[in-house]
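Please look over the sequence and the model before reading on.

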Amino acid sequence: MQVRRSTIATAALLSSAGAAMAQDGAAVLPGQPHDWQITLQEALSPIEEQIHWFSNYTLAFIIPITILVAALLVWCVYKFRAEKNPTPSRTSHNTTIEVIWTLAPVIVLLFLAIPSFQLLTAQYNPPSEPELTVKATGYQWYWGYEYQPSNTSPQAQAEPVSFSSYPLAQLTDSLADQNAAAAAKGDLSEYPRLLAVDNELVVPVDTVIRVLSTSGDVIHSFALPSMGVKVDAVPGRLNEYWFEATREGMFYGQCSELCGTNHANMPIALRVVSKEQFATWYTAAGSDVEGANQALTAAIAAAIAAKTGAKVASR
């Protein structure tokens, strides 16, 4: 009875948490951590979608194996306990069992290895030639970005764009100051505390982006969970990766390698925009990054307002 009551209580707790999430659903934006989140972040790139699939596929093996091993342990403890089995068996081996416990793991590993290698290959082989290359350089404790468009892109003849991206608040700031620093830039749901930065990494949607990651001091790691990106930044070395954002918006990551006292305050902010908005931003950012960011923010707000107005009018 106690077990049943605890199960019901657990279900009620999970239901209430789900209800709370549903109520706050309007404020929940993808590409950043959420309250009560226990799974991977939303998949916003083809690679991350494959990572989600492989995670669920792996669980299909892990869960039955865990249940089987736990059941065997319980059965062995019960069946071969001292009071029921006073004279232990002296069996040294069993050929059938040994063949099974050797072949079964091999078969399971084969079923895991093949899609794993396919995913690993896809992570380092973009489906087409990247249209834009971004060099991300890690420093203690901020990021520097340098853009290099492909020779065939409209931005190839524009002024080169490079800038640094600093967190808006520090870990040593008070909670009120941290929130105030993020709120000064906009809505806290879009610019979360300790994740918001002064200059976001701006990229166009539905575009293959090559990331070259390196470091100017110690080892860092450039990670954007919703994009399926995690690549080490090593001093004196370039590591290459790629991603393709399938949705416009603001998405966040962090340095994922212990890099010193302020490691926890080294956010990555990615702003994905339309190709037209990116072209306008890139042209302006060559001479004035701050002004280009302000103009881009205003253009995005105007586009959202126009879209909202059109939806209201259609009703």
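Predicted model: local features only at pLDDT ≥ 70, side-chain atom pairs only at ≥ 80, totals over all residues.

Residues are numbered from 1 along each chain as its sequence is written, and side-chain values use heavy atoms, with hydrogens and water left out.

Begin with strand β4, residues 201-204. Helices (H or I, at least four residues) and strands (E, at least two) are DSSP runs, numbered from the N terminus. In β4, L201 and V203 point one way, V202 and P204 point the other way, and all are buried. Buried means under 20% relative accessible area, exposed over 50%, and partly exposed in between, with a 1.4 Å probe and protein chains only. In a regular strand the side chains alternate between the two faces of the sheet. β4 pairs with strand β10 (residues 267-273) in the parallel sense, over 4 bridges; two strands pair if DSSP finds at least two bridges between them. Opposite V202 stands R271 in β10.

The loop between β9 (249-255) and β10 holds N265. N265 counts as buried because its relative accessible area is 0%. Its side chain reaches the backbone oxygen of A169 at 2.9 Å, a polar contact (a pair of N or O atoms within 3.5 Å; within protein, one must be able to donate a hydrogen and the other to accept it, and residues adjacent in sequence count only if both atoms are side-chain atoms). Not counting residues up to four places away in sequence, N265 touches W141, P167, A169, Q170, L171 and L194, where contact means heavy atoms within 4.5 Å.

How many disulfides are there? The count comes to 0, with a disulfide taken as a pair of cysteine sulfur atoms within 2.5 Å. The sulfur of C255 is 3.8 Å from the closest cysteine sulfur, in C259, which is too far for a bond. C255 is buried at 6% relative accessibility, whereas C76 is partly exposed at 35%.

Two further residues remain. F54 sits in helix α2 (residues 46-79) and is buried, at 18% relative accessibility. F54 and L112 are 58 residues apart in sequence, with their C-alpha atoms 8.8 Å apart. Beyond four places in sequence, F54 touches L112, P115, S116 and L119. R237 lies in the loop between β7 (229-233) and β8 (239-243) and is exposed, at 52% relative accessibility. Leaving aside neighbours within four places in sequence, R237 is in contact with S213 and T214.
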